[in-house]
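Please keep the sequence and the structure open beside them.

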Amino acid sequence: MTPRLRAEFWVQAYLRRLSLSEIPAFVVARGDSDAGAVLVKLSLLDGTASLFHRGFDLETGARVWDVLTQGPEAEVDAAIAKQRKFDPDLWVIEVEDRAGRHMLDQEGLL
């Protein structure tokens with residue numbers, strides 16, 4: 001079994017990588033430091049957003065970031081609120097980028 005990376009450490013590394021690429025991001029909700037799940041909201045700053053969550057590719061077993069929902073930002077925010085009610089240990093990171101960059105597909109972030 002592969003050891004899990006602490007959620008807080010992953011969040012810090014992700015925010016740093018975004019910062020180095022001059023992509024604004026911030027923690028909207030702080031979850032459990034050790035094992036909290038992470039949601040990433042990508043705001044395109046035009047009233048729309050996408051919400052990503054980490055899952056598994058059933059064919060390969062690899063970790064992947066999938067779109068949980070996308071559309072009007074208010075609807076994405078409502079989906080986040082619903083998830084937070086279900087899981088209060090959830091981290092929520094908001095990324096703001098008109099070009100849609102989120103870097104979740106990069107090595108080390110899966």
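1. Asp97 is buried, with a relative accessible area of 7% (buried means under 20%, exposed over 50%, partly exposed in between, with a 1.4 Å probe and protein chains only). Arg101, which forms a salt bridge with Asp97 at 2.9 Å between the closest N and O atoms, is partly exposed at 38%; a salt bridge here is a side-chain nitrogen of Lys or Arg within 4 Å of a carboxyl oxygen of Asp or Glu.

2. The model is predicted, so local features need pLDDT of at least 70 and side-chain atom pairs count only at pLDDT 80 or more, whereas totals for chains, interfaces and linings use all residues. Residues are numbered from 1 along each chain as its sequence is written, and side-chain values use heavy atoms, with hydrogens and water left out.

3. The side chains of Arg30 and Glu8 meet in a salt bridge of 2.7 Å, N to O. Because Arg30 lies in the loop between E1 and E2 and Glu8 in helix H1, the pair ties together parts that are 22 residues apart in sequence (helices, H or I of at least four residues, and strands, E of at least two, are DSSP runs numbered from the N terminus). Glu8 is itself buried, at 16%.

4. Leu18, placed in helix H1 (residues 7–20), is buried with a relative accessible area of 0%. Leaving aside neighbours within four places in sequence, Leu18 is in contact with Ile23, Ala25, Val95, His102 and Met103, where contact means heavy atoms within 4.5 Å.
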